[in-house]
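Reader: I would like to go through this model and ask what stands behind each label. Please show the sequence and the structure before we start.

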Amino acid sequence: MLRLMMAGLKRQGISMPGPGVGSSALVSLHVKRALLDDLWRQHGPEVLVRIGEAVHDITNEPTLLALSLAGDPFDLVRRWQRLERFVHSRHRIVVTASGSSSLTLRHASLKEGEAPTLAEDALVFGVLVALADRIGTAGLRARVAGAPGWRRSQRHW
């Protein structure tokens with residue numbers, strides 16, 4: 001996720017801020033949350049949502065490749081959920097409703113009282129939408145529940 005964040009920020013002309021974030025794969029949750037919160041404060045939530053668009057530029061990342069081989073958004077979410085179990089994430093994507101051509105997801109914590117931050121939600125939302133776009137989801141539209149201004153349609157926010 002950190003490599004994707006660096007690529008997504010670079011794509012937007014923003015350098016990766018903050019101490020403790022470099023090439024190391026081991027970055028504490030506290031440092032990651034502080035980085036996301038700083039980006040939200042300095043640039044607004046759109047920067048976080050757009051980080052995911054870097055999935056279109058990255059071709060040599062095994063995790064992104066595995067997710068990109070999904071046959072449809074339902075398969076993509078199953079792959080993402082499988083991956084979450086192995087990356088020691090404290091958060092999970094929960095499918096709260098699904099139809100023949102729709103999914104409703106919730107970003108939830110495994111620990112009671114430790115919900116994901118709004119910045120974490122924005123990042124994950126943007127990555128999932130970009131991945132759904134990368135796998136060629138026809139007519140892709142996405143929105144954040146309770147935030148009517150945040151919509152993605154025809155590859156534009």
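Author: What follows is a set of questions on labels and the values behind them, for a model that is predicted.

Reader: What is the overall makeup of the protein, and which pattern does the protein follow along the sequence?

Author: The protein has six helices and four strands. Read along the sequence, the pattern is α-α-α-α-α-β-β-α-β-β. Of the 157 residues, buried ones make up 37%. Among contacts between residues at least 6 apart in sequence, 53% join residues at least 24 apart.

Reader: Why is Leu-48 called buried?

Author: Buried means under 20% relative accessible area. Leu-48 has a relative accessible area of 0%, so Leu-48 is buried. Its place is in helix H3.

Reader: What does Leu-48 touch, not counting residues up to four places away in sequence?

Author: Leu-48 touches Leu-36, Leu-39, Trp-40, Ala-119, Ala-122 and Leu-123. A contact here is a pair of residues with heavy atoms within 4.5 Å. Take Leu-123 from that list: Leu-48 and Leu-123 are 75 residues apart in sequence, and their C-alpha atoms are 5.0 Å apart in space.

Reader: Where is Leu-123 placed, and is Leu-123 buried or exposed?

Author: Leu-123 is in helix H6, residues 118-134. Its relative accessibility is 5%, which is under the 20% cut-off, so Leu-123 counts as buried.

Reader: With which residues is Leu-123 in contact, leaving aside neighbours within four places in sequence?

Author: The contacts of Leu-123 are Met-1, Met-5, Leu-36, Leu-48 and Ile-51. Separately, Leu-123 and Pro-45 lie 78 residues apart in sequence and 8.6 Å apart in space, C-alpha to C-alpha.

Reader: What makes Gly-8 a buried residue?

Author: Gly-8 has 0% relative accessibility and the limit for buried is under 20%, so Gly-8 counts as buried. Gly-8 is in helix H1, residues 2-11. Leaving aside neighbours within four places in sequence, Gly-8 is in contact with Ile-51 and Ala-54. From Gly-8 to Leu-48 there are 40 residues in sequence and 8.6 Å in space, C-alpha to C-alpha.

Reader: Why is Asp-57 called partly exposed?

Author: Partly exposed is the range between the 20% limit for buried and the 50% limit for exposed. Asp-57 has a relative accessible area of 45%, so Asp-57 is partly exposed. Asp-57 lies in the loop between helix H3 (45-51) and helix H4 (62-68). Asp-57 and Ala-7 are 50 residues apart in sequence, and 8.1 Å apart in space from C-alpha to C-alpha.

Reader: Why is Asp-75 called buried?

Author: The relative accessible area of Asp-75 is 16%, which is under 20%, so Asp-75 is buried. Asp-75 is in helix H5, residues 73-86.

Reader: What lies 2.9 Å from a polar atom of the side chain of Asp-75?

Author: The backbone nitrogen of Gly-71 lies at that distance, 2.9 Å. A polar contact needs N or O atoms within 3.5 Å, one able to donate a hydrogen and the other to accept it, so 2.9 Å is inside the distance limit. Asp-75 also touches Leu-69 and Ala-70, not counting residues up to four places away in sequence.

Reader: How do you know that strands S1 and S2 pair?

Author: Two strands pair if there are at least two bridges between them. S1 (residues 91-98) and S2 (residues 103-109) have seven bridges, so they pair, and the sense is antiparallel. A hairpin of four residues joins S1 to S2.

Reader: How many cavities of 30 Å³ or more are there, and which residues line the largest?

Author: The count comes to one cavity of 30 Å³ or more. About 30 Å³ of space lies in the largest cavity. The lining consists of Leu-29, Arg-33, Arg-90, His-91, Ser-109, Lys-111 and Glu-114.

Reader: What is the lining of the largest cavity by class?

Author: The lining has one nonpolar, two polar and four charged residues.

Methods. Residues are numbered from 1 along each chain as its sequence is written. This is a predicted model: local features need pLDDT of at least 70, side-chain atom pairs count only at pLDDT 80 or more; totals for chains, interfaces and linings use all residues. Side-chain values use heavy atoms; hydrogens and water are left out. Helices (H or I, at least four residues) and strands (E, at least two) are DSSP runs, numbered from the N terminus. Buried means under 20% relative accessible area, exposed over 50%, partly exposed in between (1.4 Å probe, protein chains only). On a 1 Å grid over the protein atoms alone, a cavity is a set of points where a 1.4 Å probe fits but cannot get out, and a pocket is an open set with protein on both sides within 12 Å along at least five of seven lines; lining residues have an atom within 4 Å of a point. Grid points are joined across faces, edges and corners, and a volume is the space filled by probe spheres set on the points. Ala, Val, Leu, Ile, Met, Phe, Trp, Tyr, Cys and Pro count as nonpolar, Asp, Glu, Lys and Arg as charged, and the others, Gly among them, as polar.
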